[in-house]
Amino acid sequence: AGRAVARLTDLGWGAALRDVFAGPDAPVPPGLAAACVRVLAAWPWVTRPVAVVAMPSVSHPQLVSSVARGVAQVGRLRYLGQLDLVREESAGPGGNSAFRLADVWSRFRVSDELAAELAEVDGPVLLVDDLCDSRWTLTVAAALLRRAGAAEVLPFALATVA
């Protein structure tokens, strides 16, 4: 189970996140960064993460990177970088779960550099993304990180669609 700051349909942070996603790519606004920290601080960790990995984002790379780096800095966690994006094109939203999984199955990879970084950490890795829709993207990314040596992967997104 992961965490998110809000659903896009929520009042409050949902409205703020809709504005962030509708605008141009930029680093995380300070208020939203503080909300990320509050959400993560309230997470009842079984084991606290020791490192942070960012998802590659086609639409908001600065946003995701700044959230991941900011969380790492505030939490005194090691920032390991991001997964590689193998292909940007997507079949788009829709379809059943099998189609959604097939769409993301080969979109990402763990670089040799990230694999080497993962080999040096002993504990869970926090995986940061901007938007969680079908949850297949985070599932596939977590599986890749686990295969590359992560002990556990804890998904965190700014927003969920549902």
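**View 1. Left-handed crossing of helices H1 and H2 in the predicted model.** In this predicted model, H1 passes H2 in a left-handed crossing, a term used if the near helix is turned anticlockwise from the far one by less than a right angle. On the H1 side the contact (heavy atoms within 4.5 Å) is made by Trp13, Leu17 and Val20, and on the H2 side by Gly31, Leu32, Ala35 and Arg38. These residues divide into five nonpolar, one polar and one charged, with Gly counted as polar and Arg as charged.

**View 2. The aromatic pair of tryptophan 43 and tryptophan 45.** The structure holds one aromatic pair, for which ring centres must lie within 6.5 Å. Tryptophan 43 and tryptophan 45 are stacked, at 4.3 Å centre to centre and with 25° between the planes (stacked means planes under 30 degrees apart). Tryptophan 43 counts as buried at 7% relative accessibility, whereas tryptophan 45, at 26%, counts as partly exposed (buried is under 20% relative accessible area, exposed over 50%, partly exposed in between, with a 1.4 Å probe and protein chains only).

**View 3. Arginine 76 in the loop between helix H3 and strand S3.** Arginine 76 lies between H3 (61-74) and S3 (78-82) and has a positive phi of about 55° although it is not a glycine. Its relative accessibility of 78% means that arginine 76 counts as exposed.

**Notes.** Residues are numbered from 1 along each chain as its sequence is written, and side-chain values use heavy atoms, leaving out hydrogens and water. Local features need pLDDT of at least 70 and side-chain atom pairs count only at pLDDT 80 or more, while totals for chains, interfaces and linings use all residues.

Notes
Helices (H or I, at least four residues) and strands (E, at least two) are DSSP runs, numbered from the N terminus. Rings of Phe, Tyr and Trp (its six-membered ring) pair if their centres lie within 6.5 Å; planes under 30 degrees apart count as stacked, over 60 as edge-to-face and the rest as tilted.
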